[in-house]
Amino acid sequence: MDYRFFLFEFCFIIFYSITIGMISDLLIEQIKEKDFQKNFYYVFYIIICIISVIAVPNIAISMSNLLGNTLFGNIMMSMVCLGFGVTQTKFMCSMILENSNNKESYVVNQYYKYKNKRISEIGDYSKLDINPNLSIRINNLIKGSNLKNINLYFIDGDSINGFASIDPENNNNKIYLTAKCAELEWNKLAAIIGHELIHIKRRNNTKLDYVRRIFGGIFLFLVIILCILVSNFLNIYFGTLGDIISVFFMILALYNFIMIIIYSSIITKRYWNQIDELICDNKACEIDGVDVIGMYELLEDLSKEQDSFKKQRWYIKNYIRYFTIVEHPCIRYRARLIKRYKKWNILTYYKHAMVMLWWVVTGRGWIGY
Ligand SMILES: [Zn+2]
């Protein structure tokens, strides 16, 4: 049999297996509820799935033949299979999450809670009794950052969290912290405020951010062109030795090509959101009044909250790891980076792309949980 059948099947199955896990659990749930109509729908869906599992590789093979059955064509079709698996799984998951009220889907929804907060609770903050000393310290910290028009509010919430709202006109930037933050020791509180200040300074999630991302893509593209030019030059002028060295540049070009596809287009949000968080952790430590130790201790505290993730079922974990867009990378990883604090530089962007790729292939998902 054609080896490509197994290649495409494998790519498709990787993402699809998660769906099958979810379906089996769901069916058990549904039968208990005696909701036959729903059952029928899901069973029907499974039959469709089985057919597509068998058919997808065959379709991919004929497409790959059209592309001349080259290595490039096969890689392209593998990616299509992966994409197809992702889409199917996403569709299935969204169906499950909408239709069932079991605990697991609620846990998944929790990850959206933070996002919803932005929309519904902005401006709806409670007035806390913050002691005057603390407000003076907070004000001094904000002044020290040299950023203007910043107001800080405390909102209800019993977990440690903060977010920034950036005014396009730069007249009324806001930092929201949950009430729980007011109970933190000063160096940790300063760290979380510093982190949000850098979000405002960098104007994250504004137009400028998109411009920055596009430049990132162009930079990668230029690296590819440069690699190809260098390897051509080596081929022509340095004979066999040149050929050997040029392989390195071709691999670099290929790597950058994959980076462009992954990080600059399809899932630009995943990569850049994580980069934003890492930059904010890093540069916050440069603000007067914020120290590396405070930042490290804060992240260590937060990482304990992340431990509840381990108790989830395997397919819920996979769903969160591979399908939901979680803005924040693994907190333990962030803490480790701050522990070995180094100033941010251009190579850090590359390094994080490599780290993400490593997480994805070793089963830790996009966020490294
Ligand atoms: Zn942040």
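Helix α6 of this predicted model has 17 residues, which at 1.5 Å a residue should span 24 Å; the end C-alpha atoms of α6 are 24 Å apart, so the two values agree. The expected span is 1.5 Å times one less than the number of residues, and helices (H or I, at least four residues) and strands (E, at least two) are DSSP runs numbered from the N terminus. Of the 17 residues of α6, 14 are buried, so the helix is largely enclosed by the rest of the structure; a residue is buried if 20 or more other C-beta atoms, placed from the backbone, lie within 10 Å of its own. Just after α6, Arg203 adopts a positive phi of about 55°.

An open sheet of mixed pairing is formed by 3 strands in the order β1-β3-β2, where pairing requires at least two DSSP bridges between two strands. Strands β1 (150–155) and β2 (162–165) are at the edges, each with a single partner strand, so one side of each lacks a neighbour in the sheet. Strands β1 and β3 (residues 173–178) run parallel and are joined by 6 bridges. Tyr153 stands opposite Tyr176 in β3. Helix α6 (residues 186–202) lies across β1, β2 and β3 and runs at about 25° to β2. Contacts are defined by C-beta atoms, placed from the backbone, within 7 Å; angles run from 0 to 180 degrees between N-to-C directions of axes fitted to C-alpha atoms, for helices over the stretch in contact.

Residues are numbered from 1 along each chain as its sequence is written. Local features need pLDDT of at least 70 and side-chain atom pairs count only at pLDDT 80 or more, whereas totals for chains, interfaces and linings use all residues.

Key:
Contact = placed C-beta atoms within 7 Å. Buried ≥ 20, exposed ≤ 12 C-beta atoms within 10 Å, placed from the backbone.
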